[in-house]
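User: I would like to learn how to read features from a structure. Please take me through them one at a time.

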Amino acid sequence: MTELTRRRVLQQSAVVGGATVALAAGRSTTASARPAPPAPPGTPTAFDTVTVRPGDPRYAELARGTNQRWVGRPDSIRVVDSADQVVAVVREAVAARKRIAVRSGGHCYEDFTTDPEVKVVIDLSELNDVTYDAGHRAFAVGPGAWLSDVYSTLFKVWGVTIPGGSCPSVGAGGHIVGGGYGALSRQFGLTVDHLYGVEVVVVDEQRTVRKVLATRDSTDPRLRDLWWAHTGGGGGNFGIITKYLLRSPGATGTDPGRLLPRPPAELLTSTVTWPWEGLTKRGFKRLVKNYGDWFVRNSAPDSPHLDLFSQLKPAHRSGGVITMVTQIDATRPNARRDLDAFIAEVGRGVGVRPTSATQKLPFLHATKWPGFAGGDPTLRFEDKSAYVRASFPDDQLEAIHRHLTRDDYANPAALLLIAGYGGRINSVAPDATAVAQRDSVMKLQYLAFWQDEAEDARHLRWVREFYRDVYARTGGVPVPGRVTDGCFVNYADVDLSDPEWNTSGVPWHTLYYKANYPRLQRIKAAWDPHGVLRHAQSVVPAAAAPSAAATAGAGAPEAAGAPGAAGVAPGGTRHGRG
């Protein structure tokens, strides 16, 4: 948390539903329903909306996110401190016919918040409180809260957590609405599986701007639909999120410590590296297939190994090594034995000797472990994703090896990241939330990082050709089928909308949402009928789908006089940031 945020939390005594418990200088404070006493002289108070324009020394910082490929030039950036301020800014922008974008943590992979058509960026980073709302028996998390602060506050004060991503600087805003997965998801499901409610600023048919609260218990079907849309529908689609309410389904009682998952007190973490030197193609393919086969066998919802999460990261051969990072619950019997057995099984028959290191870490320290945590905010990058349902077929293994050993490309920061998936994630029906992929066992990222803008074309070409080659059998993209199951909406990828790179005939929205897309379109039409929130891959309102579907993927400009806006609360986990 920033020092400003810490001081603000000390002041707070929210009375929604009667009481709020907040982190305050390392202790919990229960607020009564009575008005809070006046703050002592000199105590910082909530601030009015801050407007930053070109020429302001803050502009260069606030006009960009984590991916340095994208820098915006909006007329203004509005830093807000409350949901009411968001309402006021949106009302002003709609009246002026100015397109808006929304940023929380700044981890959007594409230019959805920096599109040249965007004139107003609403910065939610200061809406970052993490509190307990006794009235709703749920934890309230602001969209600007970094995952590192969410984990720290939930655990230090109440001993609970959410199964979110591993990049500390990802904001809750876009992360949760896109699904939210991480190192504890095999054990506890996706973050949206614990989403009780969402406070959203919306613009209705009459262009009236207001905030609404939608929960999974809402008796109004429209409100329940709005809640459902935020369980994986992606940012920048239905409204501007100003608060999440988190409580696990079936959780009972009023003890906050029993309303979200309790993480393992300690974790065993492991780093194993295999050298590229001496590694044959056969050995490489064996390594990747061993890894995938383990997750195929151990990713059912009732598997005894759900506490084991791992990422295999084969870097381009110019990087020298292939790395595997793993964590497992250190408090359960036979944890070290099972970890060693996993490592041995992955390395069986590879033909080169690995090096390894293992350490035991308390839970909160493990959330900062660099094996999973990462992300350099000074770099440019490209990222593509795939859900995997079955073991790697040989044609994919051939393509993976070919591109990671290409002699015409060298980049130690180019890699394929293969993350374990499934488990309790797959205990939820595909239509119970907006996340339709509920029987995958791995999630993949095709990645390249670099610094020099002049090298954009070279690195983009490598990632694009790599991805297209692996999925050549299905038109260059991971079409839902026996082996693959589409793409992760939080790893936004506009190439999925481009017929040069997607020749499958399967549209981008099917790759992200599968059969859930028509319902998302109906909800979009009900809650954002004018497309006030819109970006290159936003959900197209149902009524507009026949005429707008083709242009939505290309980010076509608004019709003359239309008050549409491009907005996304960025997400993803590094991603698991995911």
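User: Where does Arg-207 lie?

Analyst: This is a predicted model. Arg-207 lies in the loop between strand E9 (195–203) and strand E10 (209–215). Its backbone stands out: Arg-207 has a positive phi of about 65°, although it is not a glycine.

User: What phi does Arg-97 have, although it is not a glycine?

Analyst: Arg-97 has a positive phi of about 55°. Its place is in the loop between helix H3 (83–95) and E5. Arg-97 counts as partly exposed because its relative accessibility is 43%.

User: Now the whole chain. How many helices and strands does the chain have?

Analyst: There are 15 helices and 20 strands. The chain has 578 residues, of which 61% count as buried. Take the contacts between residues at least 6 apart in sequence: 74% of them join residues at least 24 apart.

User: How do I read the packing of two helices?

Analyst: Two packed helices are described by the angle between their axes and the distance between the axes. Take H11 (residues 394–404) and H12 (residues 456–470). Their axes are 8 Å apart, and the helices pack at an angle of about 160°. An angle over 145 degrees counts as roughly antiparallel, so H11 is roughly antiparallel to H12. The crossing of the two is right-handed.

User: Which residues of H11 meet H12?

Analyst: From H11 come Gln-396, Ala-399, Ile-400, Arg-402, His-403 and Leu-404. They meet Trp-462, Glu-465, Phe-466, Asp-469 and Val-470 in H12. The residues of this contact divide into 6 nonpolar, 2 polar and 3 charged.

User: Which residues of H11 are buried, and what do they pack against?

Analyst: First the helix geometry. An α-helix has 3.6 residues a turn, so residues three or four places apart point the same way. The buried residues of H11 are Gln-396, Leu-397, Ala-399, Ile-400, His-401, His-403 and Leu-404. They pack against helix H8 (281–297), strand E13 (309–314), strand E17 (414–420) and H12.

User: How do H8 and H9 cross?

Analyst: The axes of H8 and helix H9 (residues 335–347) come within 7 Å and cross at roughly 135°. That makes H8 oblique to H9. H8 brings Leu-287, Asn-290, Tyr-291, Trp-294, Phe-295 and Arg-297 to the contact. H9 brings Phe-342, Glu-345, Val-346 and Gly-347. The residues of the contact divide into 6 nonpolar, 2 polar and 2 charged.

User: On to strands. Which way do the residues of E8 point?

Analyst: In a regular strand the side chains alternate between the two faces of the sheet. In strand E8 (residues 138–141), Ala-138 and Ala-140 point one way, while Phe-139 and Val-141 point the other way. All four are buried.

User: Which strands pair with E8?

Analyst: Strand E7 (residues 130–133) pairs with E8 in the antiparallel sense over 4 bridges. There, Val-130 has Val-141 as its bridge partner. The hairpin of E7 and E8 has 4 residues between the strands, and in it Arg-137 takes a positive phi near 50°. E8 also runs antiparallel to strand E11 (residues 240–246), joined by 3 bridges. Phe-139 stands opposite Leu-246 in E11.

User: How many residues of E14 are buried?

Analyst: In strand E14 (residues 321–329), 8 of the 9 residues are buried, so E14 is largely enclosed by the rest of the structure. Strand E12 (residues 266–275) pairs with E14 in the antiparallel sense over 9 bridges. E13 also runs antiparallel to E14, with 6 bridges. Thr-326 is the bridge partner of Ser-270 and of Ser-310. In the hairpin of E13 and E14, with 6 residues between the strands, Gly-320 takes a positive phi near 90°.

User: What is the order of the open sheet of 4 strands?

Analyst: The order is E3-E4-E6-E5, with mixed pairing. Strand E3 (50–52) and strand E5 (100–103) are the edge strands, each pairing on one side only. Neighbouring strands are turned by 25° against each other on average, direction ignored. Within this sheet, strand E4 (residues 76–79) and strand E6 (residues 120–123) pair in the parallel sense over 4 bridges. Arg-78 has Ile-122 in E6 as its bridge partner.

Notes. Residues numbered from 1 in each chain as written. Predicted model: local features only at pLDDT ≥ 70, side-chain atom pairs only at ≥ 80, totals over all residues. Heavy atoms only, no water. Axes fitted to C-alpha atoms, helices over the stretch in contact; angles between N-to-C directions. Parallel < 35°, antiparallel > 145°, perpendicular 65-115°, else oblique. Left-handed = near helix turned anticlockwise from the far one by under 90°. Contact = heavy atoms within 4.5 Å. Nonpolar A, V, L, I, M, F, W, Y, C, P; charged D, E, K, R; others polar. Buried < 20%, exposed > 50% of the residue type's maximum accessible area, 1.4 Å probe, protein only. Pairing = 2+ DSSP bridges.
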